[in-house]
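Good morning, and thank you for coming. I would like to take you through one model this morning, beginning with a pair of helices and ending with the confidence scores.

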Amino acid sequence: MHRRKRIIPGLALIAALLLLRAGAAQEPPGRVDFAEQIAPILEKRCKACHGAALQSSGLRLDAREAALRGGYSGPVILAGNSAASRLIRLVAGIDKDLVMPPSGERLSSSEIELLRSWIDQGAEWPADSKGAEGDERKTDHWAFQRVVQPTRPPVQAEAWVRNPIDRFVLARLEEEGIEPSKPARLETLVRRVSLDLTGLPPSPADLEAFLAAPSSEAYERLVDRLLESPHYGERWALHWLDLARYADSDGYEKDSERPYAWRWRQWVIDALNRDMPFARFTREQVAGDLLPRATVDQRVATGFHRNGLKNREGGVKIEQFRFEETVDRANTIGTVWLGLTVGCAQCHDHKYDPISQEDYYRLFAFMNDIDEVEIAAPMPGEMGPYLKALPNYLIRRRELLEKNRVYELQPAWEAQMVLAADNPGKWTDWDHALDAVQKYLDNGEGIVRKPRSERTDREQTKLEDHFIKNYHRVIEKDFWKELDWVSLREELIRLRADTPDVTYGRAIANADPGRRTHIHIRGAWNHSGIPVEPGTPAVLPPLRLDGKHPRLALAEWLVSDENPLTARVAVNRIWQEYFGRGIVPTPDDFGRRSPGPSHPALLDWLASEFMDSGWSLKTLHKTIVMSAAYRQSSARRPDLEQRDPGNTLLARQRRIRLPAEIIRDAALDASGLLNPAVGGRSVRPPQPQGVTGLAYAGSVSWNSSRGKDRYRRGLYTFLQRTVLYPQLVNFDMPDRTAAVCTRERSNTPLQALNLLNDSVFVEAARALALRILAASGGDTAGRLREAFRLCLSREPDASELRHLQEYLAAQMAIFDSEPESAAQFMPLSVEGVDRVEAAAWTGVASVLLNLDEFITRE
Amino acid sequence: MDVLDYRAIQTRRHFFRYCGGGLDAAALAFLIGRPVRGATTVPRVANPLAPKPGHFAPKAKNVIFLFMAGAPSQIDLYDPKPALQRWHGQPLPESMTKDLELAFVKPSAKVLASPRVFRPHGESGTEFSDFIPHIASRADDICLVRSMHTEAFNHHPGQSLLMSGSVQLGRPTIGAWVSYGLGSESVNLPAFVVLSSGRGASGGSSNWSNGFLDSTYQGVVFRNTGEPILYLKNPSGVSNRTQRARLDAIRELNLERYEATGDTEIASRIQSYELAFRMQAAAPELLDFSKESKATLEMYGVGKEPTHPYATNCLLARRMVEKGVRFVMLAHASWDDHQEIDKKLGKNCQITDQPAGALLQDLKQRGLLDSTLVVWAGEFGRTPMGQLERVDEAAGRDHHAKCFSVWMAGGGVQGGQVIGTTDELGLGIAEDPIHIHDLQATILHALGLDHEHLTYRHMGRDFRLTDVGGNVVSKFFA
């Protein structure tokens, strides 16, 4: 949050310089005494920002060693050379965009002259001068203290307590003299816990079984069953995808498709379903490629780092964008695991938290050696057919390339490409061609530079394909026509399509040799300061490398017992999903600006239990949903509207509008259309024509999926970043540009139009109507009850029933007078039910799918 | 909401239940928290789009942002550089070009002098190119800025900076900020509407994103043919009677649930459905030009090629402003003329110039220009050097971030003036540099908003449109 520096007016600068010269000419000063003449200037004019309390730009001018070492830009005092010393340049206003001190009066010309002379005379700074103590930062901020298992407080109403969570909640309520709410109705609880754990409403069978014999044990069995459901992994993957900024395309102007992005999502769903410990979940995503004998799955996990945006726009500088990607990766680690806004320190020391700009680039350094690779990551059943078809495919491909002179022409093209890379600006057309290699081929320049023998088959194939597609950039039009590689490409694409292939994964690998990291002055990609080594923020426990690769050491450090943040941050985010608000209300910021936890001991208890359980997420989920606090009614408490309007004290549950994807799931589920398949590639449900027309230059096409793929869960909707699926946007799915910890829950007319009129929801209403009409006999009240159960998992009360009956009658009357409308609204015919009636029931179904309660978990 | 409000709503349930064919105006007013005739204790349901006062008295109430995506050439439209003729066809000395950041061409590229003819217009005598005679005819209403600059020299980052104040994607855009700051004057149309023509901007929907603000503030894309807003049309077979019956049933059941839970979100949901229903009627009405005079239609160029699509959008923009839409963005793409610039730029001008000029004239005739700020801007400018990708094509120009031109009119802006100058070759700014953040701060200022105080806390930080910069340029209002 740097304010742009004001440029000092040219005239003043000239005047200042003239004064300096004049001063120098008139009275050359004698030997300067540091303690008498220099220290007071530094003390008076510099120490506020460059002292023990604050070291702006990493510079400290009140202690000998630190001062002579310099700041993020490097040394500022060069003994014997005042003209080259940055200190002088800045105080004398020689660099036009920055002058020190930045506010207040300028240093006088005699002060500047003293500093000059002192430096020219050798910048002597007596060692016995005061305080050169280290800049070790200590803090008593709660979030930076180690997690200690707190004692469980005593409570009066022991009977209410179901597990330790309740003790912490109740102790606080009793302190305030507030009674907790009564338990939610059983139907509400079952719907709540089903939606929370699996993102789907309860099956009518589950609901019926539970209501027939409700008990604490039956509830626990239900919870266990839900946690074992493969839909658990889908529901909670959604949560992780927001944090990992997952999407199926690059973003930015070109917004190219990422056909294999889903392979990483698949890994997440599987890992969650197997209850992979969060520690391992972390290690594999942050540094899976560095684990000893890393498996394909562990390398797929590193796709976490590949989820950020990618700018392949023509004029983008490769190194600039690599810098921005690395910034994104460092910031994401900061948000997701540390709950800190480390990104604020990209340009300057953090304004509120003890994170210096140096800390930032030490964290950045962990991510700075990442190269992007694509690896074969076959799904079960793919390998056999692939291997069987491969020999023939390779022969055919070789023949085609041979016949079309690819092998003959490519080596010279590669050689010239390397030359162009080494001589930028020499050949314009080759510069463009190189740019294309760098942009469109992951690690493209690296591949071109590798000898053929060191490339993987995949790399070679991709390079050949790129060559065939892009050779026209560097040859005459006539020659390009003669080659006719447009037809060759078509043939290759056909051949590929006819041959079984495996799935690939977007992973990372270590750049070799590792790149050096520097502090970037004011966060600018092309303005390097002093070099830094990978390391964790000084205020947090130190990193132990123990000979490990730094990124692997970081992954282990994130989930070490001493780390005070990771467990707290993770449990708080999960808590937020269950109560609509975190114990710390700012899940993305555990720093000093956060209001802090409402129940500090509860947060620490959850965090320490989480670690003690071996970082089991399922155990954590179960603990929360088994608590009495979770099982309370969500009805508003008029008695607390004044005292606790935000429900901070947890004297009740909360109604929470469902996430965008789950609204879709709930509608498909109620209608019976849902395709419950778990995992796999992304799909494109129907969306109105013209949506993708708003993407850049018609670069995006949307061919709606067919058959059962139309009815897959919202989680699997193809996320085209520049034109996201409208229903998801309308219901606040984050745009996946950066990690998001908390979804907004807006309430808009567009949402109403979406549920009322979108063909997806109309189709669901029709299917639901069929289901209602098929399920029971001709009794209207019975059918309405069934409809209510399917949508809301409960029985309607008398008044609700009456409203629906009245509506049904009114709707039938309307359709009686508009028979054509009836046929249009409900084109499917139902045996034994007349058209008007079927259409009116479709109306009933649509009404239910539009209810606030339907899109809310109560 | 306090207990009294809660009770008041309880006792007013009859209001919803017995108001026959849907909510009448009074009921709607009740819902959105406006005073109703004779009523003294009207309970309020929080409407995030209820009109809000700004930080100080505004000069403008609405904005029409003519967004020229792809970066039009200032050298061929707004900023005459006769000195380039001397250099035409030659590279500039390295000393002049060493600080340029260029996307495609090298600093040694040859200069391309503009073939366009510039003439002074209006009493003010501001010079405009012969490609834009209609805009030029409004010279005395226009405040032209020739000294804009930006950091981003690629399209998507540049558009992101122009719209959201940051090259990093994911922040709210200016229309979203304005809706968030001021709410809407319209009870049946969205606060922030987007009209698109041409081939789609680089930034796609990120140019009207609500970012991390809730989706209430997103720009709603309004198409000028067919269904104007997504999901606006009733499903086939749903007549207005059926739609109303569905809505009434939904309302009754929602009210039941409201009674059971006391959750005000349900009251907001009821209100959203009523607004949706009104929007269904109001949005298509906007497209009905039958009451516009023939002269008006001709002035814009409606029904005539190549102006028709853009003319329709400009006329729609005026109609929306009349109905209280706060922020209308007209995106037209693309002005990214790397090759054959004279031909391609000419074509875009033929499409957009007449409608844009007509919009200013029409707003003025109707007395709307005083309260409507019109902005014409792209994300950056173009180089004085030409760009040649192939020898057999006419030259274009590369991206240029160091100086370019934009203009504003209406909404308290003093027309007939030029702010800033560039050096004689158009490489950089000579006087009065105005950064994107300054432009944004100034637009907000015109609307009565202080850019440093229009903030939203996200990820532990108070974000604002102007990021960490921005100064209001008072010369605009001089």
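Let us begin with α10(B) and α11(B), whose axes come within 9 Å and cross at roughly 170 degrees. Axes here are lines fitted to C-alpha atoms, for helices over the stretch in contact, and angles run from 0 to 180 degrees between N-to-C directions. The two helices, α10(B) and α11(B), are therefore roughly antiparallel to each other; angles under 35 degrees count as roughly parallel, over 145 as roughly antiparallel, 65 to 115 as roughly perpendicular and the rest as oblique. Helices (H or I, at least four residues) and strands (E, at least two) are DSSP runs, numbered from the N terminus.

Residues are numbered from 1 along each chain as its sequence is written, and chains are lettered from A and ligands numbered from 1 in the order in which they are written.

Which residues meet between these helices? In α10(B), they include B:Leu247, B:Ile250 and B:Tyr258, and in α11(B) they include B:Ile270, B:Tyr273 and B:Phe277. Two residues are in contact if their C-beta atoms, placed from the backbone, lie within 7 Å. The contact of α10(B) with α11(B) has 8 nonpolar, 3 polar and 3 charged residues. Here Ala, Val, Leu, Ile, Met, Phe, Trp, Tyr, Cys and Pro count as nonpolar, Asp, Glu, Lys and Arg as charged, and the others, Gly among them, as polar.

I turn now to the two chains. In all, 68 residues of chain B are in contact with 84 residues of chain A. On the side of chain B that touches chain A, α10(B) gives the most, with 12 residues. By class, that side of chain B has 25 nonpolar, 28 polar and 15 charged residues.

Within chain A, 12 residues of domain 3 are in contact with 11 residues of domain 4. On the domain 3 side of this contact, β1(A) gives the most, with 6 residues.

Finally, chain A averages a pLDDT of 90, and 95% of its residues score at least 70; pLDDT is the predictor's confidence in each residue, from 0 to 100. Over residues 1-11 of chain A, however, the pLDDT is below 50. Where pLDDT is low, the predicted coordinates should not be read in detail.

Conventions
This is a predicted model: local features need pLDDT of at least 70, side-chain atom pairs count only at pLDDT 80 or more; totals for chains, interfaces and linings use all residues.
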